[in-house]
Amino acid sequence: MPDWDATYAQAPAGLFGSEPNEYLREIMARSDVRLRTALCLADGDGRNSRFLAALGVRVTAVDLSSVAVANGQALDALAGLTVERFAADLDTWRPPAGRTWDAVFLMYLQAPWPTRRAALAAGWSALAAGGWMVLEGFADTPQPSTLGPGKSELLYRLDMTLAELPDHDIVEALTGRVRLSEGPRHRGLADVIRLAVRKPLQANSTA
């Protein structure tokens, strides 16, 4: 795994630029998305959470790197925004009992499958009934694009991801090629999965 503390220490102005993820923008532009609260997992130094906060959403953001969290807090202050930030390992972090959010965003968590699986479980348990789980990541395809982590164990498969989200309602679920333009590290053609699902308002019954 990369040394994210060292990586973020070299980029106090923003490792992935200042603009939010384009898929997150698209989701927030939907007429059926009206969020009061959001949880951003693996949020880095906060380009996505700051965008949400600027829209008036109360945001909680989690990242493994304490340096990324500190950079995010400094950038929040410069922008005049407030985001609840803390450092935690998504392999073991779980939401506080009884606390839920209207949406959970998991954008480009580049980690081995056990970590991603733990993050999906934590995010799903943190999601309020009727809430949105939104994810984008580099896809595992037969001939992947050159943009991405370059290691197959860090790539996403849509079927494996959906299997970790019980009783979900799919709004969008696709694997395809898009042109990213989100700062120097996410620029160019990329094979990605894009996923937006909702947690049902009540548990599905098989009776």
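Predicted model: local features only at pLDDT ≥ 70, side-chain atom pairs only at ≥ 80, totals over all residues.

Me: Good. What makes up the secondary structure of the protein chain?

Reply: The protein chain has six helices and seven strands. Going along the sequence, they come in the pattern α-α-β-α-β-α-β-β-α-β-α-β-β.

Me: How much of the protein chain is buried?

Reply: Of its 207 residues, 52% are buried. As for the surface, the accessible area is about 9900 Å², and carbon and sulfur atoms hold 51% of that.

Me: Why is Ala 42 called buried?

Reply: The word is used for a relative accessible area under 20%. Ala 42 has 17%, so it counts as buried. You'll find Ala 42 in the loop between β1 and α3 (47–54). Its phi is near 55 degrees, which is a positive value in a residue other than glycine.

Me: And Tyr 108, why is that one buried?

Reply: Take the cut-off of under 20% again. Tyr 108 comes in at 10%, so it is buried. Tyr 108 sits in the loop between β4 and α5, and it has a positive phi of about 60 degrees despite not being a glycine.

Me: How do you know that the span of helix α5 agrees with what it should be?

Reply: Helix α5 runs over residues 113–125, which is 13 residues. The expected span is 1.5 Å times one less than the number of residues, so α5 should span 18 Å. Its end C-alpha atoms are 18 Å apart, so the two agree.

Me: Which residues of α5 are buried, and what covers them?

Reply: The buried ones are Thr 115, Arg 116, Ala 118, Ala 119, Leu 120, Ala 122, Gly 123 and Trp 124. Their cover includes the strands β1 (37–41), β4 (101–107), β5 (127–138) and β7 (187–198), along with the helix α6 (158–163).

Me: Why do you say that β2 and β3 pair?

Reply: Two strands need at least two bridges to pair. Strand β2 (residues 58–63) and strand β3 (residues 84–87) have four bridges, so they qualify, and they run in the parallel sense. In β3, Phe 86 stands opposite Val 62.

Technical notes:
Residues numbered from 1 in each chain as written. Heavy atoms only, no water. Helix = DSSP H or I, 4+ residues; strand = E, 2+ residues; numbered from the N terminus. Buried < 20%, exposed > 50% of the residue type's maximum accessible area, 1.4 Å probe, protein only. Contact = heavy atoms within 4.5 Å. Areas by Shrake-Rupley, 256 points an atom, 1.4 Å probe, with all protein chains shown as cover.
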